[in-house]
Amino acid sequence: MSKKRTVSVPLGPYHPLFEEPEFFNLYCDGERVVDVEWKAGYNHRGIEKLSEGKHWDQVIFLVERICGICSTSHPFAYVNAVENLAGIEIPDRVRYIRSLVGELERIHSHLLWLGLAGHFLGYNTVFMWAWKYREPILDLFEEISGSRQNYAMMKIGGVRRDIPIAKIPLIEKSIADLSPKLEMLSSAILDDPVLSARLKGVGILSKEDISLFGAIGPVARASGVAIDVRKDFPYAAYGMVDWKVITREEGDVLAKAMVRLEECMESIHIIRQCLLGLKRVPEGNIGVEVRDIPGGEGIGRHEAPRGECFHYVKSDGSNQPVRHKIRAPSFMNVPTFMASCVGHTLSDVTIILAGVDPCYCCTERMIRLFDLQRHSLSVSDSSLLERSRQKTRSIAAQLGRKKVWK
């Protein structure tokens, strides 16, 4: 269908709900999306250029602020890159601590996503449950690092803080308390007929789509593509513990939700093994001395909650990088919206885009609907969200559910 005969629905680039901009142009035949255009580059924070003017150690604190949700993912990939460049081998205790922090962050990020997904659908009970269960994880970060958001745990050749034996029982209790709650959330999502009708078969990505767009992380694994940097290129303690890559075959939004919830359970399994490892190795050995960074190039990967986080660094032997390239996982996952959204109605747009868990701090975004034929704003951003919730209420009414979500 010719785009000239369709209604253009701009999503972006600015809206007070979002931190940074991103732009999608939906072409709709009535309520149904027939084509999507994506435009990136509305926001440039200059992180890579700023990195070139800082000491190797200072860069860690800079990249930690690329993303507020997964703030240890970029430092993790960065120190991996510098250690790759310099040929640095880290102690086993450092490996366990890094992996433990990375998996705690995975749990907190996935639960945050689940709560927001429930909010987009009008299931604010799910929103409150998920965020309530996430709180003890943030409390653990504060106990370990002193902060609930920017943990400042990574450093080249090691970590900045040890996890003493005395704190291990607290971590063990917190993750033990979380396990049954995650199982309850999984059962609630699978057993709820409204959620199944709302998410099943929506926003499907095939394996061919994953290959075409180069999607990574839970987005790829929900379509049956078992890629995971922790397994494919083991680092930290991921080659020292037993765990499995979580996949689903359906490729829809429901599969993406279930992959994330099951990954939380697998993260708990990894954390428990890391705690056992910390009990076996001597306390205090949390890094090697690094005096100089030689000339050369290095790459570092970390499987962030959204997928592979990639850092490239180049050194001329000075105390600063001469080049630092960063690729966040959302840069690869967000374009899949151009495939998953086509054929669905506007009421599904918000949850399909949310299904890739886009990080706008790492990439870029807003919601407006503009009628090209009438040359006027036809539907506001809040109306688009209400359409999503209205569809949930409609399905609930058809299934005879007494409760009406607001």
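Is C274 buried or exposed? With a relative accessibility of 0%, C274 counts as buried, where buried means under 20% relative accessible area, exposed means over 50%, and partly exposed lies in between, using a 1.4 Å probe and protein chains only.

Before going on, note that this is a predicted model, in which local features need pLDDT of at least 70, side-chain atom pairs count only at pLDDT 80 or more, and totals for chains, interfaces and linings use all residues. Residues are numbered from 1 along each chain as its sequence is written, and side-chain values use heavy atoms, with hydrogens and water left out.

**Stop 1: the cysteines**

A disulfide is a covalent bond between the sulfur atoms of two cysteines. The structure holds zero disulfides, if a disulfide is taken as a pair of cysteine sulfur atoms within 2.5 Å. Select C341 together with C28, and you will find that the sulfur of C28 is the nearest cysteine sulfur to C341, 7.5 Å away, and that C341 is in no disulfide. C341 is also buried, its relative accessible area being 0%.

**Stop 2: S267**

Next select S267, which lies in helix α11, residues 253–280; helices (H or I, at least four residues) and strands (E, at least two) are DSSP runs, numbered from the N terminus. S267 has a relative accessible area of 1% and is therefore buried. Its side chain makes a polar contact with the side chain of E103 at 2.7 Å, a polar contact being a pair of N or O atoms within 3.5 Å, of which, within protein, one must be able to donate a hydrogen and the other to accept it, while residues adjacent in sequence count only if both atoms are side-chain atoms. If you leave aside neighbours within four places in sequence, S267 is in contact (heavy atoms within 4.5 Å) with E103, R106 and I107.

**Stop 3: T72**

Move to T72, in the loop between α2 (56–63) and α3 (73–86), where this residue is buried with a relative accessible area of 1%. Although T72 and M154 are 82 residues apart in sequence, their C-alpha atoms are 7.7 Å apart in space. Not counting residues up to four places away in sequence, T72 touches V101, G102, E105, Y151 and M154.

**Stop 4: two packed helices**

Two packed helices are described by the angle between their axes and the distance between the axes. Display helix α4 (residues 92–121) with helix α14 (residues 346–355), which pack at an angle of about 175° with their axes 9 Å apart; axes are lines fitted to C-alpha atoms, for helices over the stretch in contact, and angles run from 0 to 180 degrees between N-to-C directions. That angle makes α4 roughly antiparallel to α14, since angles over 145 degrees count as roughly antiparallel, under 35 as roughly parallel, 65 to 115 as roughly perpendicular and the rest as oblique. To see where they meet, select W113, A117, F120 and L121 in α4, and then I351, A354 and G355 in α14.

**Stop 5: two loop residues**

Select A236, in the loop between α10 (229–232) and α11, where phi is near 45°, a positive value in a residue other than glycine. D357, found in the loop between α14 and β9 (369–371), likewise is not a glycine and has a positive phi of about 50°. A236 is buried, with a relative accessible area of 7%, and D357, at 7% relative accessibility, counts as buried too.
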